[in-house]
Every structure is written in structure tokens, then in C-alpha cells.
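Hi,

Here's the structure I promised to pass on. Have a look through it, and below I'll tell you what I found.

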Amino acid sequence: MAFGGPSVPFVPTRKEVFDLVFEALDLKENDVLYDLGCGDGRIIIEAAKKYPIKKAIGVEMREELIKDIMNKIREEKIEERVQVVQGDFFKVPISDATVVYMYLLTSVNEALKPKLKQELKPGTRVVTLDFQIPGWKPVKVIGDKLGWQKTLYVYVIGESDK
């Protein structure tokens, strides 16, 4: 347990599934994307490079990963649209999110449900890779449900969480 919350291993989203991930995220011009447990920042960096979103924010607790992300953000010259917050995603405010991406564990997704329901506005999309949010009904499932990093679950606050 780090920062008092559940610990999640760092397993990056494979670049081979980026097309599926971004299909599920369905990013639009005014979206504010949060990646909870952003790891090396690959999702937020790619989102800012490829889509005209308002902002991409990664939340990560591992200091060594934050330093690498900041270097990549500077190299790509996307500092205006990408931000990284070092901290516990259970405690970092996410109320301005319009899209949330999570590649966590089912138990962590379950533990995050109260935060997601309390802080996110109706209509906010929550996309999880491989691991569902127990008790919530996805509005869409993308991928083949077989194998590692092949299935994305799309939830919408106000619909999926009833």
C-alpha cells in the first residue's frame, strides 16, 4: 500500500492496442482526459499529440516515472496541454474530467467507484482496460475479451452506475 491506497503494478498499455484505446476514449475537442495511474504517460502524451483535446492529466505516484514523463512532455513540446500530478489517485481531485482512463485491477476499480460517482459529472466517460468496474454496466465493450490488453469497457456516469 502506497499513499494509503491499494498498490497497482506498473504495466504499460501496449502500443499495439492504442487504436482500440483511443476508439474507446472517443476524444473530442473540449475533453479533459485523466489517466489514473498513468505510468510512463504514454496515453496522455499520445492523446495530446493526436487529438485536439483541451487537456490530458496523468496521476502517478512513482517519482521516477514522473521525471521521465516530464522529459517526454518537454521533448514533444506539449506542456500547454499535458500535466502530471504526483500523488494518490484516490485523493487527487478529478471533477473537471470528461473522460477517465484506467488500467488498474478490478479490486482497485471497485474501490474507486465512490470517488468516480461523487466527483464526475453525468455523461463523463470512464474507460477501463481488461478489468471491469464491478456492479457497473458498460455502455460499450470494445475488443475480443480474450487475452491480455484486448478488451476495453466504456462506462458513462449517470447510466452505467445506476
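Seven strands make up an open sheet with mixed pairing, in the order 3-2-1-4-5-7-6. The edges belong to strand 3 (82-86) and strand 6 (140-143); each has a single partner strand, so one side of each is left without a neighbour in the sheet. From one strand to the next, the twist averages 20°.

The chain averages a pLDDT of 91, and 93% of the residues score at least 70. The stretch to be careful with is residues 1-5, where pLDDT stays under 50. The model does have nine contacts for residues 1-5 beyond four places in sequence, but where pLDDT is low, the predicted coordinates should not be read in detail.

**The aromatic rings**

I also went through the aromatic pairs, and the structure holds five of them. One of these is Phe18 with Phe22, an edge-to-face pair at 5.9 Å centre to centre, with 85° between the planes. How far apart are Phe18 and Phe22 in helix 1? They are four residues apart in that helix (residues 18-25), which means about one helical turn separates them. Both Phe18 and Phe22 are buried.

Another pair is Trp136 with Tyr155: the ring centres are 6.1 Å apart and the planes sit at 65°, so this pair is edge-to-face. Trp136 lies in the loop between strand 5 and strand 6, while Tyr155 is in strand 7 (residues 151-156), so the pair ties together parts that are 19 residues apart in sequence. Are these two buried or exposed? Trp136 is buried, with a relative accessible area of 7%, and Tyr155 is buried too, with a relative accessible area of 0%.

Methods:
Residues numbered from 1 in each chain as written. Predicted model: local features only at pLDDT ≥ 70, side-chain atom pairs only at ≥ 80, totals over all residues. Heavy atoms only, no water. Pairing = 2+ DSSP bridges. Helix = DSSP H or I, 4+ residues; strand = E, 2+ residues; numbered from the N terminus. Axes fitted to C-alpha atoms, helices over the stretch in contact; angles between N-to-C directions. pLDDT = per-residue confidence, 0-100. Contact = heavy atoms within 4.5 Å. Phe/Tyr/Trp six-rings, centres within 6.5 Å; stacked < 30°, edge-to-face > 60°. Buried < 20%, exposed > 50% of the residue type's maximum accessible area, 1.4 Å probe, protein only.
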